[in-house]
Amino acid sequence: MIELLFLLLPVAAAYGYVMGKNSAKNQAHEQNRKITSEYSKGLKFLLDREEDQGLEHLIKLLEVSADSVEHYLILATLFRKRGELDRAIRIHELLLKQPSLDIQVIQSCKLALAEDYIMAGLLDSAEEHLVELVKADYEEALMPIIQLYSQTREWQKGVSMYESHADLFTEQVYCAAIANFYCEAALEYQASENQSPDHSTDYLERALKLPKTTIRPLYELGHDALGKEDNVKAIYYWRKLVSQFPCAIPLVLQDLQVCYQRLNIEHEFHALVNDLLKTSGVLVKIKHCEGLVEAGHTQQAVAYLTDSLKREPSIRGFSFLLKLLATKQDKFQSVLNEVDNLVSAYVATKPDYQCRNCGFTSHKLYWLCPSCKSWESILPSQGVDGY
Ligand SMILES: [Zn+2]
């Protein structure tokens, strides 16, 4: 009898194993059935054009299973595009509550949630998530938080973020933004009566220490020096600017000439203009011609400009050539002046600045493009109508 019991033991064990397996299978089956049922309901409502109920069912399903996270991220993006921010936010918040999501999914979900919050005007909540992501060295959060601080004009916060996570800021576009944050903060200090002028200069100098050099700190430091009547220092910063960024030459060329004149060393300015001739536009060529005229070589200036305009046509260059010719041609002076007036009136209607990123044009210099919100993308116009 005991032998029979021993023989039955493996049978009992096998039975227990099979039953247990079936019970787990049944549970999984029940779960799948529930998911499929909710999913079908959601789709049916959508197909019946009862979109609200359909979407509610799909969101409810998310509470049951977050296996297909990707689908939900797409769904949330769809809601955001339709302007249904509350639903996008709900999906992202629910996703973030799911246990055992991997870190990449959590981070992209937090970023998407922050973007929902920004669109919904909940800037504090957006900032909270973005700061967390930057602290976790998540580079994708840099541009949204830079844009957020640009929008709220919280320059100091942007500067502090940079100073505590400097390693992340390797790209030119991030450096340009932070350099401008330093400059904006410096200008605020300049305007405030409680701060010493040195405090503002210190901020501008700190902007020069960023991993990538950008235009504005050099531009502002030159003006800062000029404000203190330090012409030598202004020349120092602006020479750096014009040699590193030929596209920005028209921003400072006139002031640079004034600094040299004040120091009675204008010949050095003309030498600099000579050096810049190969790399820059029509404004430098006009300055070069002015130098020739001053030295009594008007005919040489006319020849140089005529030749240059054949290769690179420019309305501003043409206008200057008319002025030069008018001084030499007494007979046609009034006609040439009349034509020049027409050309100058035409040039005045052309925008002085253009965004290299989105094409926005303006008569005023903006460091932050009002259209595409990028920093330092607006520069003096180029081409036939430009500088
Ligand atoms: Zn732009």
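User: Where is E376 found, and what makes this residue count as buried or exposed?
Analyst: In this predicted model, E376 lies in the loop between β2 and β3. There are 25 C-beta neighbours inside 10 Å of E376, and a residue is buried at 20 or more. E376 therefore counts as buried. Its phi is near 60°, a positive value in a residue other than glycine.

User: Why is K373 called partly exposed?
Analyst: K373 is placed in the loop between β2 (361–362) and β3 (378–380). It has 16 other C-beta atoms within 10 Å. Buried requires 20 or more and exposed 12 or fewer, so K373 with its 16 is partly exposed. Phi of K373 is also near 60°, positive although the residue is not glycine.

User: What makes W238 buried, and which residues does it touch?
Analyst: W238 sits in helix α12 (residues 231–244). The count is 26 other C-beta atoms within 10 Å, against a threshold of 20 or more, so W238 is buried. Leaving out residues up to four places away in sequence, W238 touches G222, V252 and L256.

User: Why is α12 called roughly antiparallel to α13?
Analyst: The axes of α12 and helix α13 (residues 249–262) cross at roughly 150° and come within 10 Å. Angles over 145 degrees count as roughly antiparallel, so α12 is roughly antiparallel to α13. Their crossing is left-handed. On the α12 side the contact is made by N231, A234, I235, W238, L241 and V242, and on the α13 side by I249, V252, L256, C259, Y260 and R262. By class, the residues of this contact are 10 nonpolar, one polar and one charged.

User: Which residues meet where α14 packs on α15?
Analyst: From α14 there are H270, V273, N274 and L276; from α15, V284, K287, H288 and G291. They divide into three nonpolar, four polar and one charged.

User: What makes the buried residues of α8 line one face of the helix?
Analyst: In helix α8 (residues 155–164) the buried residues are W155, G158, M161 and Y162. Seen down the axis of α8, they fall within an arc of 125°, so they line one face. An α-helix has 3.6 residues a turn, so residues three or four places apart point the same way. The buried residues of α8 pack against α6 (123–135), α7 (142–152) and α9 (172–191). The face turned away from that buried side carries the exposed residues S160, E163 and S164.

User: How many helices and strands does the protein have, and what share of its residues count as buried?
Analyst: The protein has 18 helices and three strands. Of its 387 residues, 30% count as buried. Among contacts between residues at least 6 apart in sequence, 46% join residues at least 24 apart.

Technical notes
Residues numbered from 1 in each chain as written. Predicted model: local features only at pLDDT ≥ 70, side-chain atom pairs only at ≥ 80, totals over all residues. Contact = placed C-beta atoms within 7 Å. Helix = DSSP H or I, 4+ residues; strand = E, 2+ residues; numbered from the N terminus. Nonpolar A, V, L, I, M, F, W, Y, C, P; charged D, E, K, R; others polar. Arc of directions from axis to C-beta. Axes fitted to C-alpha atoms, helices over the stretch in contact; angles between N-to-C directions. Parallel < 35°, antiparallel > 145°, perpendicular 65-115°, else oblique. Left-handed = near helix turned anticlockwise from the far one by under 90°.
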